[in-house]
Amino acid sequence: MLNKKVADLLNDQINKEFYSAYLYLDMNNYFEARGLNGFANWYKIQAMEERDHAMLFYQYLQNNDCKVTLGAIAQPDKKFKCDMDVLKAGLEHEEYVTSLINNIYAEAYKAKDFRTMQFLDWFIKEQGEEETNARDMITKMELFGSDPKSLYMLNQELAGRVYSAPSLVLD
Ligand code: MG
């Protein structure tokens, strides 16, 4: 059995990841309404990835004989006044998720739970990539967002993002 505190944090993370999916769906919704379907596509795929993350935590707990407790998923309540607001909220959220993952890792380390540490290694790397992607989006928007033609091109680029299942697979 897993350490109780570690197991509770892993269980909480299921909810946080599903909330992340909700938040990114809300961003998808914002960009759909803006008519920027490439941006909308990018955030929809982001939402699918977050759902996958939730399922990985879910499966990991079940694989370790821990019963999962599912809680209510909060309503995304961020108000976006402009495109850049969305991008910045995305980065801020990923930095928050990184802190959550780091916190679980720290507890697993304390409990000498090497199995969970190894499981979380994938998420540590993933969070590095998520933060880089969010920062890249902001940089591109700063460079091109104010010019309609460039925004159109950027939107076309983001339309090309395709979903792929996570490289971490739990049996
Ligand atoms: Mg995630």
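**Exercise 1. Find which helices supply at least two residues each to the lining of the largest pocket.**

Solution. Step 1: take the helices. Helix H2 (37-63) and helix H4 (114-144) each supply at least two lining residues. Helices here are DSSP runs (H or I, at least four residues), numbered from the N terminus. The model is predicted: local features need pLDDT of at least 70, side-chain atom pairs count only at pLDDT 80 or more, and totals for chains, interfaces and linings use all residues. Residues are numbered from 1 along each chain as its sequence is written, and side-chain values use heavy atoms, with hydrogens and water left out.

Step 1: H4 gives the largest share, four residues.

Step 2: list the lining. It consists of Glu-49, Asp-52, His-53, Trp-122, Lys-125, Glu-126, Glu-129, Ser-164, Ala-165, Pro-166 and Ser-167. Lining residues have an atom within 4 Å of a point of the pocket; a pocket is an open set on a 1 Å grid over the protein atoms alone, with protein on both sides within 12 Å along at least five of seven lines.

Step 3: Asp, Glu, Lys and Arg count as charged; Ala, Val, Leu, Ile, Met, Phe, Trp, Tyr, Cys and Pro as nonpolar; the others, Gly among them, as polar.

**Exercise 2. Describe the largest cavity by its volume and lining.**

Solution. Step 1: count. The whole structure holds one cavity of 30 Å³ or more. A cavity is a set of points where a 1.4 Å probe fits but cannot get out.

Step 1: size it. The largest cavity has about 60 Å³ of space.

Step 2: Among the lining residues are Tyr-24, Trp-42, Tyr-43, Leu-87, Glu-94, Glu-130 and Met-137. H2, H3 and H4 each supply at least two residues, and the largest share, four, is from H3.

Step 3: sort them. Seven are nonpolar, two polar and two charged.

**Exercise 3. Identify the residues with the most contacts inside the largest nonpolar core.**

Solution. Step 1: read the core. Of its 25 residues, those with the most contacts inside it are Met-27, Phe-31, Phe-39, Tyr-43, Val-86, Leu-87 and Met-137. A nonpolar core joins buried Ala, Val, Leu, Ile, Met, Phe, Trp, Tyr and Cys residues through side-chain atoms within 4.5 Å. Buried means under 20% relative accessible area, exposed over 50%, partly exposed in between (1.4 Å probe, protein chains only).

Step 1: assign elements. Helix H1 (4-34), H2, H3, H4 and helix H5 (148-159) give two or more residues each. H1 has the largest share, six.

Step 2: follow one residue. Beyond its neighbours within four places in sequence, Met-27 contacts (heavy atoms within 4.5 Å) Tyr-43, Phe-80, Val-86, Ala-89 and Gly-90.

**Exercise 4. Check the span of helix H3 (residues 83-110) and the phi of Lys-112.**

Solution. Step 1: compare. The 28 residues of H3 should span 40 Å at 1.5 Å a residue; the end C-alpha atoms are 41 Å apart, which agrees. The expected span is 1.5 Å times one less than the number of residues.

Step 1: Lys-112 follows H3, in the loop between H3 and H4. Its phi is positive, about 50°, although Lys-112 is not a glycine. Most residues other than glycine have a negative phi. Lys-112 counts as exposed because its relative accessibility is 62%.

Conventions:
Grid points are joined across faces, edges and corners, and a volume is the space filled by probe spheres set on the points.
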